[in-house]
Amino acid sequence: MNWTTLRRHPRLVIGLAATLIFAAMGLLSLIWTPYPITDIAIARRFATPGAEHLLGADQLGRDMLSLIMSGTLTSFTVAVMAIIIGVGIGVPLGLAAAIYGGPVEWVVLRFSDLAFAFPSVVIAILIATLMGPGAGNAVIAIGIFNVPVFAQVARGGALAISTLDFVAAARLAGLSRPMIALRHLLPNIASLIIVQGTIQLSLGILAEAGLSYIGLGTQPPATSLGLMLRDAQSLFLIHPWLSLAPGLAIVVIVIALNIAGDGLRDALDPRLKRQGLTNVAG
Amino acid sequence: MTLYLLRRIFGFFVTLFIAAAVIFILLDLLPGDPARFILGINATPEAVAALRLQMGLDDPALLRFSNWIFGMLRGDFGVSQTQKLPVAGLMVERMSVTLPLTVFAMVISVAVGLPLGILAARHRGKPIDTALMVLAQTGVAVPNFWFGMLLTLLFAVTLHWLPPGGFTPWNEDFWAASRGLVLPSLALALPQAAILARVMRTALVDVSTQDFIRTARAKGMTFGEAMWRHGVRNALLPVLTILGLQFAFLIAGTIIVENVFYLPGLGKLIYTAILERDLVLVRSGTIILVLVVSFTMLVVDLAYGFVDPRLRERRA
């Protein structure tokens, strides 16, 4: 991808830029936040947004902007790690199903049916019962949900490509099936995976928010956008801002990611415009 | 067709059986003795041993697993350790909140999403299309529980039109019970409606370039007539798949939204069960959720084959 591509796809530029701004804000929170997020000051409780606190302060007097920066980092981290799980397990499974077919494919397909039957909330419930709630819990729950999604995308893409002549040529040249998958199929389905990755990233951020909100995800003293909404729940009728700020942050991040995903799809492969990439929350 | 039907139904039971095994194995790995947990730390070893015997905890794992499965087949889901009540009864009671909530949400989502998708497709490329798609893009990005908080703020706290939360049982006051579910189902429905509108629009736009639409035009129908008579029906196919996935997602989503509105539904039941380590309840509750989700998928798959004969042929 070069500058010309970017110029032709304004949606990609806007979505990517907005996503990067939030990601950078999150990363910045590792070294600097306007106030330390553990800085509790009762005198500043419910401070309204202003020069001192750009986004106000919460019920403990913590700076909202600092919390949102740090919470954004957690949300992104959880969603990205869940994608690593999904891609790491799902793509090899999908490729194996496509190149071997037969019983291997059957097992992979049944496995994805099984994984689809467990909504991520249910997985989170099981893990929380086993190991207690935590951010790792959310990563695994969302990650397991991602596995069949990537497996199906990889399988579908690989099946379409494996009928092409250059794959047959590779077979004739004596390349083994795993090598063909690695050298010829994987690079060709990379764009599909990247686009699906953007979609799963936005879904992951929404899912993390939901899990943390019911108390099965990120736990204090760490913070995430979902956890901020949980903290705000008992207070938002009197202090709506406490829930508006993190909620809006989630909405903007997810919109940015979705726009970037649409743009990427058009830019990387115009043929994909029609193909149904899964974009259903779960 | 029959072969396809049978294979799909067989697959459904296999998935369900493996899911039950996964849940059982996971929860069996749980450290700690459930009997001791129920009786507290001051219990005598004899009392713990007696309860273990009563709960069948000393039986081999395979026997306990088959007892659980066959019990469920007879409608016996075990007895909740904390509430001392049959799990089946508890779940039926809670389902009277969760199921209507899901169905309401589904109805709203279809009633809003499909017409908007059709409207956008009809005015493709015009400002109204752009406006609707921006709206849908936003709707998809809104967490449903947060939208629920906003709805409470507006309709319950500011306007006093609807209750902010809680639930009156159906048999006490039907009207109050329905009113209590309005805001939660709206909250659940919004993101789903946005997704539906997008899928419906894309499907219609795809269909509009198909040959059969051109043929219908050649026979003298206007574009609108052709789309209405032939286009919408074909466009509904991808929508059907999404609807099935959405129903499954809504059931899971209720667990989160029930928290916002303090609804005594299935989600609340399972959530409390986790905190109190009521294993019997968690085990049977999760398998019920999995059952509902896979059953929905099964129905969608079968409906798909029914609606579109082409697929039936190919898959069988």
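What percentage of the 316 residues of chain B count as buried? In this predicted model, in which local features need pLDDT of at least 70, side-chain atom pairs count only at pLDDT 80 or more and totals for chains, interfaces and linings use all residues, the value is 49%, where buried means under 20% relative accessible area, exposed over 50% and partly exposed in between, with a 1.4 Å probe and protein chains only. Residues are numbered from 1 along each chain as its sequence is written, chains are lettered from A in the order in which they are written, and side-chain values use heavy atoms, with hydrogens and water left out.

Chain B holds 13 helices and zero strands, taken as DSSP runs (H or I, at least four residues, for helices; E, at least two, for strands) numbered from the N terminus. Its C-alpha atoms fill a box of roughly 85 × 55 × 35 Å along the principal axes.

| Property, domains 1 and 2 of chain B | Value |
|---|---|
| Buried area | about 1800 Å² |
| Carbon and sulfur part of the buried area | 77% |

Here buried area is the accessible area (1.4 Å probe) that two parts lose on being put together, summed over both. In domain 1 of chain B, Tyr4(B), Arg8(B) and Phe12(B) lose the most area to domain 2 of chain B, together giving 32% of what that side buries.
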